[in-house]
Amino acid sequence: MISSDKIPNNVDLHLNKRLQRALEHWQPAYIQWWRDMGPQGFQHFHEIYVRTAISVDAAGWAHFEYVKLPEYRWGIFLADPVVNRTIGFGDFFGQPVWQEVPGEFRNQLRRLIVTQGDTEPASVEQQRWLGHRCPSLYDMRNLFQVNVEEGRHLWAMVYLLHSYFGRDGRDEAEDLLARQSGNQDKPRILEAFNEPIDTWLDFFMFTMFTDRDGKSQLLSLSESSLDPLARTTRFMLTEEAHHMFVGDTGIHRIVERTCQLMKESGFSEDVRRLGGIDLPTIQKHINLWFSLSLDLHGNEISTNAASYFANGLKGRAEEGKWTEHRVIETTYDLDIVENGAVKREAVPMRNAMNEVLRDWYVDDCQSGVTRWNKTLEKYGFSDRLRLPDRKFNRGIGQFASIHTDPDGHMLSDDEWARRKYEWLPSPADKKYLLSIMNQPIYETGKFANYIAPPARGVNRTPINFEYVRTEM
Ligand SMILES: [Fe+2]
Ligand SMILES: [Fe+2]
């Protein structure tokens, strides 16, 4: 028997027996999924120093302990309700928010929740081999922290499905465990979640850029008229912030180490000789993960996005910062492709909501790049990292039909085919990265040669803290 405290929660689960039973029924399937598809090789004998949310206040949120991963206490937490909250945008602007799902929006809301939910276990699956190539125990612990929290995000979405969508919701919750990243027959819903993430450079890029798309989406859902969805996603955002910290600082530490190696080698850019990761390789990975994550925001012009906005299901990021919330007459200028050429066109802003969210996202990404460049500057290098043009390497939307270089200049198909590995990671780059990562570092306080140690440890621990301990 699983008692209610096996599912830590702040939703009074014990008062809703039907829901409690449904979740207790789903829980063993989840644990089985975690064992099969979660971090491989670190489930039985390793104890990881992780943070577990036991409540949403600061104290309950900063609770650290050693756990074996399958024993992590995945729970259900909603941010505290905002008293008298009203709908902040769209056609129902100013009306009270909903505590139940309105029948007419049931399908749309289910689709939004399932699409978000699907990305959570997908990323755990994509990252499941990385422990075997970790650059340090500090990094391994961060990886597993991200993984257990993505697992918790799945719980968050499953809670909503079970609570508000009846039978359909229960079926969807099962399917969330049945689809698998990269599986031919039952792939994950979004394409970017079907590729394995097998190097740590990719992992840091994923947490920097793709988790940040998660942040965009969660910000827009946290504005939702469906109050339980808003409260769930608001708490998820606090966890998401840590994922992006892992990505941002991970790349920063690699850049720092690359600077050190370049200096050691007499300002040569060829740091591969010294086992480092050269700047062009870092830039190529920025180009790849930034463009993939732009795709995740969807088509520039979208009637779905317009309808989500009109119906109050999904707002803009930080909706409160906008002055006008119905957005009926406002237009938005965006680049569209017509007869193979790019031109600017004004479209109704509601139809451009994906692009509006993408604007927020691009700005948020830029702040990270600016920080990394400060380090290049500090070491006296004139090289700079940058985000590629939005049109570069796109698979979804207006620019999927054209090829451009990272500056956004159009290229012929031939030229693209000939030159794309100047800008994107090549098979040889990947082979190199795997070659410097195939010896994991399991010694406390030691770091792989290609990455600098972090500025400080987790939860005020020293950097040589035993973040992962082995029980034999
Ligand atoms: Fe997540
Ligand atoms: Fe995340």
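Okay, let's start with one pair of residues: tyrosine 49 has tyrosine 66 as its bridge partner, and tyrosine 66 sits in strand 2. Before I go on, keep in mind that this is a predicted model.

That pair belongs to the contact between strand 1 and strand 2, which run antiparallel and are joined by four bridges. On to strand 7. Strand 1, residues 46-51, also pairs with strand 7, again in the antiparallel sense, and here there are three bridges. Glutamate 47 is opposite arginine 469 of strand 7, and isoleucine 48 has valine 468 of strand 7 as its bridge partner.

Helix 3, residues 106-126, packs with helix 4 at an angle of about 155°, and their axes are 8 Å apart. The cut-off for roughly antiparallel is over 145 degrees, so helix 3 and helix 4 count as roughly antiparallel to each other. Helix 3 passes helix 4 in a left-handed crossing. If you want to click through the contact, helix 3 brings Ile113, Gln116, Gly117, Glu120, Pro121, Ser123 and Val124. From helix 4 you have Asn147, Glu150, Gly151, His153, Leu154, Met157, Val158, Leu160 and Leu161. By class, this contact of helix 3 with helix 4 has eight nonpolar, six polar and two charged residues.

Next, another helix pair. Helix 6, residues 200-221, and helix 10, residues 353-378, have axes that come within 10 Å and cross at roughly 140°. That angle makes helix 6 oblique to helix 10. The crossing of helix 6 past helix 10 is right-handed. Who makes the contact? On helix 6, look for Met208, Phe209, Arg212, Asp213, Ser216 and Ser220. On helix 10, look for Leu357, Trp360, Tyr361, Asp364, Cys365 and Gly368. The class count for helix 6 with helix 10 comes to six nonpolar, three polar and three charged.

Is alanine 230 buried or exposed? Buried, because alanine 230 has 22 C-beta neighbours inside 10 Å. Leaving out residues up to four places away in sequence, alanine 230 touches Ser222, Glu223 and Ser224. And for a sense of distance, alanine 230 and aspartate 248 are 18 residues apart in sequence and 26 Å apart in space, C-alpha to C-alpha.

Now the hairpin. Strand 3, at 331-338, and strand 4, at 341-348, run antiparallel and are joined by eight bridges. Threonine 331 is opposite proline 348 of strand 4. Two residues lie between strand 3 and strand 4 in this hairpin, and asparagine 339 in the turn has a positive phi of about 50°.

Asparagine 84 has a positive phi of about 55° although it is not a glycine, and you'll find asparagine 84 in the loop between strand 2 and helix 3. Valine 327 also has a positive phi of about 55°, and valine 327 is not a glycine either. Valine 327 is in the loop between helix 9, at 303-310, and strand 3.

So which is exposed and which is buried? Asparagine 84 counts as exposed, because there are 7 C-beta neighbours inside 10 Å. Valine 327 is buried, with 24 other C-beta atoms within 10 Å.

That's my tour, thanks.

Methods. Residues numbered from 1 in each chain as written. Chains lettered and ligands numbered in written order. Predicted model: local features only at pLDDT ≥ 70, side-chain atom pairs only at ≥ 80, totals over all residues. Pairing = 2+ DSSP bridges. Axes fitted to C-alpha atoms, helices over the stretch in contact; angles between N-to-C directions. Parallel < 35°, antiparallel > 145°, perpendicular 65-115°, else oblique. Left-handed = near helix turned anticlockwise from the far one by under 90°. Contact = placed C-beta atoms within 7 Å. Nonpolar A, V, L, I, M, F, W, Y, C, P; charged D, E, K, R; others polar. Buried ≥ 20, exposed ≤ 12 C-beta atoms within 10 Å, placed from the backbone.
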